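Okay, thanks everyone for coming. Let me put the thing on the screen, and then I'll talk through one part of it.

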Amino acid sequence: MKLQTLMRAMLTASAVGLALPAFADTELKIYISSQHQPQVWRKVLDQYETKTPGTKVTIETGGNTSEAQAQYLNTIMSAKDASLDVLILDVIRPAQFATAGWTTAFTDKDMSVYLPAYAEANTVDGKVVALPAFADSMFLYYRKDLLDKYGVTPPKTWAELKAAAKKITEGEGNPDLQGLSFQGKAIEGAVCTFLLPYWSQGKTLVSNGKLDFDREAAEKSLALWKSFVDEGISKKNIAEVATDDTRKEFQAGNVVFAVNWSYAWAQSQGQESAVAGKVGVERLPAVEGGEQATCLGGWEFGVSAYSKSQEEAKKLVEYLSSKDVSKFMAINGSLLPTYADLYNDADVTKAAPWFADARQVVETAKPRPVTPRYNEVSEVIRTTVNAVLAGVTTPEDGAAQIESRLRRILR
Amino acid sequence: MAVLSISATDSAKDSERPSPVWTRWLDLSDRAMAVLLLLPAAVLLALIIVYPIGRLVYTSFFNLSLTSGLPAEFVGLENYRIMLDDPVFWETTWNTVLITLITVPGALLLGLGLALLANLPFAMQWPVRLSLLIPWALPLSFAGLIFAWFFHYEYGVVNDVLNRLGFEGIIWFNSPNWAFAAICLTIIWKTSSFMALIILAGLQTIPRSLYEAADVDGAGRLRQFFEITLPLLKPAIVVALIFRTITALQTFDIPYMMTGGGPGSSTATLAMYIHQNTVSFLDLGYGSALAVVMFILSMGVTAIYLRIIRTKEA
């Protein structure tokens, strides 16, 4: 009897002990991609913790590419794992996550405060499924000092870029200096690699949910990238280059022109950079006679449908998506704001002068096709780009393969 | 065990007295007892092997994709029909078969050589045997990462050696053939130590007296190897081959870490394609159908090996 009483007392005590901190504190876990400055987000979260007593937020990072992160989250979410409350999602994924029932919708959220592209990307069937974390698009980074030295202006077309790169690399005579670095590895960035010159020819990939493919334009796009390799402007193993490789090589001073996202700016101006103060950022060039086109990027915060703290998680996301945080991240992490007027904010342009011109770029950037089967679309394009750059497939065959495989996915 | 036998004889001796309730189950017949004792193992196996495989086959008849947001729909053999028209399925299956055909014999030859070396009578045997263990003990994905660095175009040690020898470095992962070669070399390195371990165990069961007798009869080293060593090693070799072939058919980690299947999908294996369809595309129906094919492939190969062993024994 005594033993039973004792046991009962112990059980009650441990139950109370376990339950009490749950009443006092909310512990939230947020998943943030490792390449998007989790250490800067940490500062934002510290501010949130002091503002909201009793809330503790921990960061989990993982995977260094968008697909690696998606694979990880796919595993977690299809197992209905409740360990993550808030997820950062690449702009192409909210549609997929909402269709799978993995995120919960925000009610009564006014999306008109954000740039239209992000209001659109986060609304699926009239429901707000995620809130924007930061905006992004691809830009042309260039070595201002080298362009000035050879009297070259930032190129407006890919042909001009080719000529400029040749002139500078030949003049420098440094075998380690590459003319152009872009993403040729079979990663998400390679999808944009393909789309840049394709879009620049005025073509679209998907319209009204149906494939609207122009094989000739696709072939031209693939052939353009291949020509950079063949003519020695890009390095021979460009098929192995991922986004962060481009960033590192540019930062080390080994690249004249680079195609990259906005995040590369902060690090190119950092202490470890060999090119601090020598970097210019411009719109990406166009194909001859085409329009300048770029790829819409950006990341969003969604609340996991399996989170046990729905309300608290949503409150946190509202905060992280607020104007103040957007400004903080623009200044400290060079992540583009999702609010239009922040692009001309004095504090922001002081940290990154080119942000003033970036708003127009983001506003005209084209979104990649929105479909729940985006992962398959992406895989087809990026492996083909990779195969063409490695010289395994000709641009002609590559374009035909993309068309026939996309037709099967988007039928 | 002691308690069991004592109470069993007790109940046999004084059968007129009813046994206490808690030992009544011991009065069962031998057959019932055997079933009872095997039951836990059978339930466990059913739970962790039979149920998942059954579920896999069941799912393969459905159109079940988490990205569609639609409930599973029975489609019969549709997933298998799609597979026949799927060029990537054929390409990855062919790659898998090719990897198996190259790396299994390769690992066997290298493993045999290593085992013979390790079996030589020299003073410090343990460091040699320990170093045999290391590749085997290394996780597959680590081996893949390490070798991806070895074969890297700019920073890799392989190209450095080639350069020093006066050759031009190879962009290993830019060409299907070189990438394939790099993957096969890595797999052979990684798996030959497992082969060597099993063969070494086999070598140590061969009585020394056989070699002494052969010496007396005037048989040379080479003759001894082919007449004594190899025939007596056959059982060990077949066992090693079964294990190695099945794991070769399931090759995933090393190509996944080294090339991710590239360039294009020229070095992707069937296991990688299954992973891509289930984990990346969330197409569980098609992924299951692919996994069923791989299961049948593994079972087929195992059946062939078992038949070989049986005819050898007969």
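So, chain B and chain A bury about 2,100 Å² between them, and carbon and sulfur atoms give 51% of that; buried area here is the accessible area, with a 1.4 Å probe, that two parts lose on being put together, summed over both. Bear in mind this is a predicted model, where local features need pLDDT of at least 70 and side-chain atom pairs count only at pLDDT 80 or more, while totals for chains, interfaces and linings use all residues. Side-chain values use heavy atoms, with hydrogens and water left out, residues are numbered from 1 along each chain as its sequence is written, and chains are lettered from A in the order in which they are written.

Who supplies the area on the chain B side? B:Thr67, B:Asn174 and B:Phe281 supply 25% of what chain B buries against chain A, more than any other three residues.

In contacts, meaning heavy atoms within 4.5 Å, 27 residues of chain B meet 26 of chain A.

By class, chain B's side has 13 nonpolar, 10 polar and four charged residues, with Ala, Val, Leu, Ile, Met, Phe, Trp, Tyr, Cys and Pro as nonpolar, Asp, Glu, Lys and Arg as charged, and the others, Gly among them, as polar.
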